[in-house]
Amino acid sequence: RVPQVQPRVEELSELYRELSQHPGLSSACLGPDLTTQYGGKYCSLYTEWSQRDLARAENIKFCRQYLIFHDGASIVYSGPAGTCSEIKGELLSRESPSGTLKAVLRKVPSKEKEKEKLPPQVWDQNRKVKSINLTALDKHGNVYDDDQFGCLAWSHSETHLLYVAEKKRPKAESFFQSKAPELGTSDEDTGHPRKEDAPIKGEQFVYHEDWGETLSTRSVPVLCVLDIEGSSISVLEGIPEHLSPGQAFWSPEDTGVVFVGWWHEPFRLGLRHCTNRRSALFYVDLTGGKCELLSEDTRAVWSPRLSPDSCRIVYLENDVLGPHQQCSRLRMYDWYTKHTKTVLEVVPRQEWGKYSPGAARGGHRGMLSATAVITGAFPGIYCGALPGMCWAADSRRILLDTVQRSQQDVFVVDTATGSTTLLTADGPQGSWSVLTIDRDLLVAGFSTPNCPPVLKVAVLPAAGHEAQAQWICLQDAPPVPSISWGIRTLQPPPEQENPQYGGLDFDAILLRPREGPTTEKPPLVVMPHGGPHSVFTAGWMLYPAALCRVGFAVLLVNYRGSLGFGQDSVASLPGNVGTQDVHDVQLCVERVLQEEALDASRVALVGGSHGGFLSCHLIGQFPDTYRACIVRNPVVNIASMVTTTDIPDWCLTEIGLPYAPDALPDPAQWTEMLHKSPIRYVDQVCPCPHPVPVPISSASTEAVLLLQVRAPVLLMLGEDDRRVPPKQGLEYYHALKARGVPTRLLWYPGNNHALAGVEAEADGFMNIALWLLKHLKC
């Protein structure tokens with residue numbers, strides 16, 4: 001049997017230390033082609049990686065370079081050039097169009113702790129040629145380095161840099177503050193501000209809206225242009241005051257700037273992971289300051305990318321409001337004809353072939369049935385952004401990665417015909433992501449549940465032959481030992497079908513420890529994802545891999561409503577949260593316990609956000625199935641969350657009600673929010689004909705049975721969570737404590753919804769593992 005808990009603390013921490021050192025790929029950039037003395041062509045590949053440093057309690061970035069020799073049609077040779085080196089303080093960087101210059105925005109220590117110095121630096125191939133002190137120029141507030149608004153874009157002439165910063169806000173002071181100059185001194189002598197910079201009295205406590213979770217310092221962004229030669233900054237004028245601009249780049253011929261503008265009236269809603277906020281594509285002219293609308297102004301758009309020939313802009317588009325994440329359209333704007341067309345529409349349902357065991361392409365499917373992969377069957381676009389460099393050299397095709405069911409693959413899209421081709425059909429099954437494409441050299445990352453990220457490169461074949469792409473691994477990583485995994489597809493029983501969206505199925509990914517010397521069945525940890533419109537893909541995830549190495553089987557459930565299964569699946573869940581998603585997870589658990597060699601008496605739940613919502617529902621609705629539960633920033637009471645979250649529209653949308661910013665919920669809507677919340681199952685009387693507890697899925701409605709939360713619960717809350725404020729978890733904690741349910745609460749200062757701080761993440765794993773070992777009697 002597994003040893004007792006205490007002796008395993010050091011073993012657990014060492015295991016986590018080992019697995020957390022696997023780095024993740026963050027970006028890649030290809031240098032210009034060079035020619036050898038023998039006529040061969042080669043280029044450099046610059047890659048950036050991130051890694052947890054537990055000793056420093058921070059994520060560190062490092063770079064590694066490779067050389068790629070190619071003949072235009074295939075890669076002749078590739079390999080690393082030198083060793084890794086850490087990148088310190090770098091927030092943004094961008095190569096110039098010619099590849100000869102590089103702009104870097106780096107955080108520099110300052111004597112004044114409250115003021116960050118972010119001097120843009122310009123480097124050529126051998127030296128730093130420019131460093132500009134933005135603080136001294138005092139034209140704006142902090143520079144944005146996030147991926148929601150932020151950008152660092154070279155002009156085509158390579159003489160100017162475009163970036164986004166917080167609008168300069170006049171200083172405020174008390175009504176009673178006085179700074180009368182002493183006799184015989186000037187304003188300059190006393191350090192008093194110039195008249196135009198004079199503080200505004202009585203404004204120091206005015207509330208300034210922000211853009212919510214992880215964007216709490218983003219309020220009023222402005223577009224800024226840095227003249228490199230003149231070392232001067234100008235803030236672009238002409239942008240309407242009701243818009244927050246971001247994701248900007250230079251227009252053809254540098255006549256102006258193209259940007260995405262988000263409406264922030266009547267008030268700002270949380271923007272992170274919300275691709276349904278009203279926004280549009282705009283162009284602002286640099287000479288006259290005229291702002292022109294380039295897309296429809298009733299949709300949500302993001303991620304615009306200009307073609308190499310500067311003729312076309314592709315971007316992603318969603319409907320406003322509704323589910324925060326959904327299947328997106330791919331739209332294209334022609335710069336010269338001013339015409340916009342839809343390249344790829346929303347996909348209601350992907351046409352799949354028959355399911356057959358072992359039909360995976362090069363996958364690892366030992367113990368579970370596999371989904372047959374149909375080459376060319378496009379699942380729709382489900383991605384947070386297009387790659388920064390996504391255009392092929394012909395300015396006609398683009399590359400993107402998207403989820404299809406429980407994996408992520410790379411597709412090439414012909415923007416002229418709308419045809420799509422799967423580029424990873426012959427590669428191993430797992431999670432692929434496009435990092436960049438330049439001159440048809442394609443760089444991607446790849447991982448599986450038991451293999452950390454590796455780097456792969458390929459040459460994009462000519463149009464019509466894309467499926468023949470040959471991937472070469474530049475930097476290999478051996479699979480983590482003792483983990484096997486597979487995917488299975490499940491069909492809900494007839495009584496659990498959605499009457500409006502019938503015939504939908506869903507997936508689950510199961511990781512399990514490889515058979516050891518003991519014949520003991522492993523316990524099962526069930527993980528439903530958050531969102532709810534998100535998805536687990538068959539890629540590297542630290543927590544599931546580490547728990548599997550500890551000895552647990554881990555079940556990752558992509559219930560109906562997950563991304564990658566068609567828009568119908570996404571649309572089926574609003575109005576049915578707390579029932580459809582809960583029953584899908586329970587069905588999956590019951591089926592896996594029946595068909596796999598797992599210990600049905602030792603099953604636990606681990607979930608965050610909506611995954612925590614489902615976990616709390618499951619221990620209330622099916623108390624005899626689960627022996628322990630861990631929830632991270634869970635939604636437990638939608639009725640109390642709607643007035644405190646940065647996404648109040650989520651609360652109404654997911655319970656099936658329309659959202660309007662000027663409407664307050666009526667009593668019936670408050671009741672419905674509470675009815676769909678897991679807190680009601682802390683104590684609950686449910687219909688059932690049996691005198692003993694049974695799963696709801698097998699119950700009728702003739703008798704009465706008390707269902708009550710009994711599983712020990714560990715709560716993990718981020719103090720700075722704006723999405724699901726920690727009061728949600730506290731509410732559940734108090735309810736369980738009052739009823740004598742074994743409960744423990746961990747409170748993480750300085751952490752938001754993701755609990756992604758290195759220290760919090762490490763502490764979280766240790767507490768999760770120890771809680772499971774203790775309460776599953778391991």
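Analyst: Let's start with a definition: an angle of 65 to 115 degrees between two axes counts as roughly perpendicular. Please keep in mind that this is a predicted model.

User: Thanks! Why are H6 and H7 called roughly perpendicular to each other?

Analyst: Their axes cross at roughly 70°. Since 65 to 115 degrees is the range for that label, H6 and H7 are therefore roughly perpendicular to each other. The two axes come within 10 Å.

User: Which residues make the contact between H6 and H7?

Analyst: Helix H6 contributes Asp581, Val582, His583, Val585 and Gln586. From H7 come His610, Phe613, Leu614, His617, Leu618 and Gln621.

User: How do you know that H7 is close to its expected span?

Analyst: H7 covers residues 610-621, which makes 12 residues. The expected span is 1.5 Å times one less than the number of residues, and for H7 that expectation is 16 Å. From its first C-alpha to its last, H7 reaches 16 Å.

User: And what makes H7 mostly covered?

Analyst: To be buried, a residue needs a relative accessible area under 20%. In H7, 12 of 12 residues are buried, including Gly611, Gly612, Ser615 and Cys616. For the protein chain as a whole, buried residues make up 55% of the 778 residues.

User: What makes a group of residues a nonpolar core, and which members of the largest one touch the most other members?

Analyst: The members must be buried residues of the listed nonpolar types, joined through side-chain atoms within 4.5 Å. The largest core has 57 residues, of which Leu524, Val526, Leu555, Val589, Ile619, Tyr626 and Tyr732 touch the most other members. Helix H6, residues 580-595, supplies the largest share of this core with seven residues. As a general background, nonpolar side chains tend to be buried together in soluble globular proteins.

User: Which residues does Val526 touch?

Analyst: Leaving out residues up to four places away in sequence, Val526 touches Leu555, Val557, Val585, Val589, Val603, Ala604, Leu605, Val606 and Tyr626. There is also a second, separate core of 45 residues, which includes Ile487, Trp540, Tyr543 and Ala604.

User: How do you know that Cys451 is in no disulfide?

Analyst: Two cysteine sulfur atoms must lie within 2.5 Å to count as a disulfide. For Cys451, the nearest cysteine sulfur is that of Cys473, 8.0 Å away. The count of disulfides comes to zero.

User: Why is Ala57 called partly exposed?

Analyst: That label covers values between the 20% limit for buried and the 50% limit for exposed. Ala57 has a relative accessible area of 37%, so it is partly exposed. Ala57 is found in the loop between strand S3 (41-53) and strand S4 (58-70). Its phi is near 55°, a positive value in a residue other than glycine.

User: What is the phi of Glu158, and what makes this residue buried?

Analyst: Phi of Glu158 is near 65°, which is positive in a residue other than glycine. With 17% relative accessibility, Glu158 counts as buried, because the limit is under 20%. Glu158 lies in the loop between S11 and strand S12 (160-166).

User: Which peptide bonds are cis?

Analyst: Two examples stand out here. The bond from Glu265 to Pro266 is cis, with omega near 5°, and Pro266 sits in the loop between strand S18 (256-263) and strand S19 (279-285). The bond from Gly531 to Pro532 is cis as well, with omega near 0°. Pro532 lies in the loop between strand S34 (524-528) and helix H4 (542-550). In general, most peptide bonds are trans.

User: What makes Trp263 buried, and which residues is Trp263 in contact with?

Analyst: Trp263, in strand S18, has 15% relative accessibility and so counts as buried. Setting aside neighbours within four places in sequence, its contacts include Trp211, His242, Leu243, Arg278 and Ala280. Trp263 and Ala280 are 17 residues apart in sequence and 8.6 Å apart in space, C-alpha to C-alpha.

How values were computed
Residues numbered from 1 in each chain as written. Predicted model: local features only at pLDDT ≥ 70, side-chain atom pairs only at ≥ 80, totals over all residues. Heavy atoms only, no water. Helix = DSSP H or I, 4+ residues; strand = E, 2+ residues; numbered from the N terminus. Buried < 20%, exposed > 50% of the residue type's maximum accessible area, 1.4 Å probe, protein only. Contact = heavy atoms within 4.5 Å. Axes fitted to C-alpha atoms, helices over the stretch in contact; angles between N-to-C directions. Parallel < 35°, antiparallel > 145°, perpendicular 65-115°, else oblique.
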